[in-house]
Amino acid sequence: MSLRILHLEDSELDAELVQAYLLDGGFDAEIVRVDTREEFSAEIERGGIDLILADYNLPSFDGLAALEIARAKYTNIPFIIISGALGEETAIETLKSGATDYILKHRLERLVPAVSRALREAEDRGRARRAENALRESEERYRIVAETASDAIISIDIQSNILFINSAAEKIFGYKVEEMTGQSLLMLMPENLRKSHREGIHRYLETGERRLSWDRVEVYGIRKNGEEFPLELSFGEFNQNGEHIFIGIARDVTERKLAETERESLLEREQEARRKAEEASRLKDEFLATVSHELRTPLNAILGWATMLRSGQLNQENTVQAVEIIERNARAQVQLVEDLLDVSRIISGKLRLEADFIDFKTIVENAIEAVQPAAEAKLIKIETDFQSINNKIFGDSNRLQQVIWNLLTNAVKFTPSGGNIKIALSNENECLEFKVTDTGEGISPEFLPFVFDRFRQADGATTRIHNGLGLGLSIVKHLIEMHGGEVSAKSEGIGQGSTFSFCLPQQRVAFNERASGENGKAKLPPENNHHSEQVENPLAGLNVLAVDDDEDSREMLQLILEQNGASVVTAGSAAEALEKLKKTKTDVLVSDIGMPLEDGYSLVERLRKLPAENGGEIPAVALTGFAREEDNRRALLAGFNKHVAKPIDPENLVREIAELMKELN
């Protein structure tokens, strides 16, 4: 290696002698000789020097002064004094001042070993210095990383005493750094983890059974306020000067755990929602299949017997039987449609109550009277237990009668022949309680929680014994809740009978906002809901214009009206009806709503724009299959005086027309 040596010497002969010794010693060196302070100082500033050789005594500048200048700039460059002066004190003085060695000029044979030794020691010092600098830089980097980290960094000894802890730990554990440093790590652990921590360290130190590694584990820490929280801990071990040091990185994963919990909860909710959606879809499919079956069954009887009637091959007894069967199945189909409409109103929030103070006992008695024939046909005994009670409540009499009728009909349907039904009324805690108990088939524990659900039937198979859509109980529940009451069902299981009950508040209550407004009347099956007045030809003398685009319906309507004394003119469209109004005398208009090109609403609106002398004030009755409350309101707003829903009950239609004419006269 080529060296650059600065040689301070005023004697050229001595300088050549030193150079000769160095070259003979095998040193590849560039020797720069100077002999003044200025030159020496300039070379020191220039730098790049590996070794300094200096004469101890110069005329205007000596070796000690040069040593002072050199050490002010470089502390580690080897500096050897070469002197012709003898004396131990001089040598000691130079070495104490910072010289590397002291060589006498008459002993220059010592120069080469001294230079070699000085350079070697300088190299060793350089390596140590570089290692020290690297260590210092590493420690500084570690300190910066530790202090800027968001995780807690902790080092402990084998007694679990905290040797170092960074400032991030303050935020995580709640202690100040000075409160934790020197304390036991156990202060940051819950009580139940301290023993296992001590045992783990002791086992490792005693047996070496397991070396700690940077494996990531999840544990719990404890804050200064006593709160336990989840930690993710990475830890390891190293040996420092023969002592075991453990270092760990602790991360507060509270937010992550909360997010994971929320994600799991969300997944569970999503899975539950999917399960419910799939279940709802399955139930809807079953329900639609049931609807199809229940609607087709009466249609089958109606069409079959109607076909046999038209053939003319039935005797008088069979003809009467056919008419009764057709009427009974038509009324059953009407009830199915009413239930479907009620469910539609419930789902859309359009079901309304028309409430007033009523005598509840009378409603119950009327419902019992309605189901009595069906009960007697099955030899079912109906018992009543009406205590001395206050029967007055605030509610919708028609809707409550629908509720009672549904519950009693179910009891009769599911009670075998010869069974018993008990109906009880009582006052309980300012409530009027109704209870119906039967000795029928009962309800399984699995199905009981779902007995009031829509689209639910205990037996949805094609082999089921009882017909119906399974909507009645869901309608019952909704109506009772609209009245501010509660409904419940009990059963000991299959074959153990069942009890349905509800309580209605007896003081005037603040009804659900849906409990006021338009009339939401629901009727019992038509044969049980009215008593026709036996008046002969109630429409005698009336001229009726009947409008319907369906020819069969138009002919039936004409026959019904004519059989009750009316003179009838028919029209198949709104335009035809307006033309006939101009040509014929008309006392009342009966018109279908749903017609092609121009519907019944448009017809009556155009009619009301005519002058009175041209028929603008003729009474009008809407006859339609649109039977919702909003359909009723729309018909009245359009100009109709009455709204009658299809299918037609002849007696009801005649009575409505007769009452309308009576009101207007």
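The legends below describe close-up views of a predicted model. Residues are numbered from 1 along each chain as its sequence is written, and side-chain values use heavy atoms, with hydrogens and water left out. Because this is a predicted model, local features need pLDDT of at least 70 and side-chain atom pairs count only at pLDDT 80 or more, while totals for chains, interfaces and linings use all residues.

**View 1. Overview of the protein.** The protein contains 19 helices and 22 strands; helices (H or I, at least four residues) and strands (E, at least two) are DSSP runs, numbered from the N terminus. Of its 665 residues, 42% count as buried. Buried means under 20% relative accessible area, exposed over 50%, and partly exposed in between, with a 1.4 Å probe and protein chains only. Among contacts with a separation of 6 or more, 64% are between residues 24 or more positions apart; contact means heavy atoms within 4.5 Å.

**View 2. The open sheet β2-β1-β3-β4-β5.** This sheet has 5 strands in that order, with parallel pairing; two strands pair if DSSP finds at least two bridges between them. β2 (29–34) and β5 (101–104) stand at the edges with a single partner strand each, so one side of each has no neighbour in the sheet. From one strand to the next the twist averages 20°. Strand β4 (residues 79–83) and β5 run parallel and are joined by 4 bridges, and Ile 80 stands opposite Asp 101 in β5. Helix α4 (residues 88–97) packs on the sheet and touches β4 and β5, its direction making about 145° with that of β5. Helix α2 (residues 37–46) lies across β1 (3–8), β2, β3 (51–55) and β4, and runs at about 160° to β1. Axes are lines fitted to C-alpha atoms, for helices over the stretch in contact, and angles run from 0 to 180 degrees between N-to-C directions.

View 3. The 13 residues of helix α1 (residues 12–24) should span 18 Å at 1.5 Å a residue, and the end C-alpha atoms are 18 Å apart, which agrees. The expected span is 1.5 Å times one less than the number of residues. Ala 15, Val 18 and Leu 22 of α1 are buried. They cover an arc of only 65° around the axis, which puts them on the same side of α1; the arc is that of the directions from the helix axis to the C-beta atoms. Leu 13, Leu 23 and Asp 24, on the other side of α1, are exposed. Gly 26 follows α1 and has a positive phi, near 90°.

View 4. In strand β17 (residues 498–505), 7 of the 8 residues are buried, so the strand is largely enclosed by the rest of the structure. Strand β15 (residues 431–438) runs antiparallel to β17 and is joined to it by 8 bridges; Lys 435 stands opposite Ser 501 in β17. Strand β16 (residues 486–490) pairs with β17 in the antiparallel sense over 5 bridges, and the bridge partner of Glu 486 in β17 is Cys 503.

**View 5. The largest nonpolar core.** Phe 360, Phe 434 and Phe 502 touch the most other members of this core, which has 45 residues. A nonpolar core is a set of buried Ala, Val, Leu, Ile, Met, Phe, Trp, Tyr and Cys residues joined through side-chain atoms within 4.5 Å. Elements giving two or more residues to the core include α11 (360–377), α12 (397–414), β14 (420–428) and α13 (472–482). Leaving out residues up to four places away in sequence, the residues that Phe 502 touches include Phe 360, Val 403, Leu 407, Phe 434 and Ile 480. Another core, of 24 residues, lies apart from the largest one and has Leu 8, Ala 54, Ala 66 and Ala 91 among its members.

**View 6. The open sheet β19-β18-β20-β21-β22.** Here 5 strands pair in parallel in the order given. The edge strands, β19 (567–571) and β22, each pair on one side only. Strand β18 (residues 543–547) runs parallel to β19 and is joined to it by 5 bridges; in β19, Val 568 is the bridge partner of Val 544. Helix α15 (residues 551–563) packs on the sheet, touching β18, β19, β20 (588–592) and β21 (620–624), and its direction makes about 165° with that of β19.

**View 7. Pro 647 in its loop.** Pro 647 lies in the loop between β22 (642–645) and α19 (650–664). Pro 647 is exposed, with a relative accessible area of 51%. Its C-alpha atom is separated by 9.3 Å from that of Gln 333, 314 residues apart along the chain.
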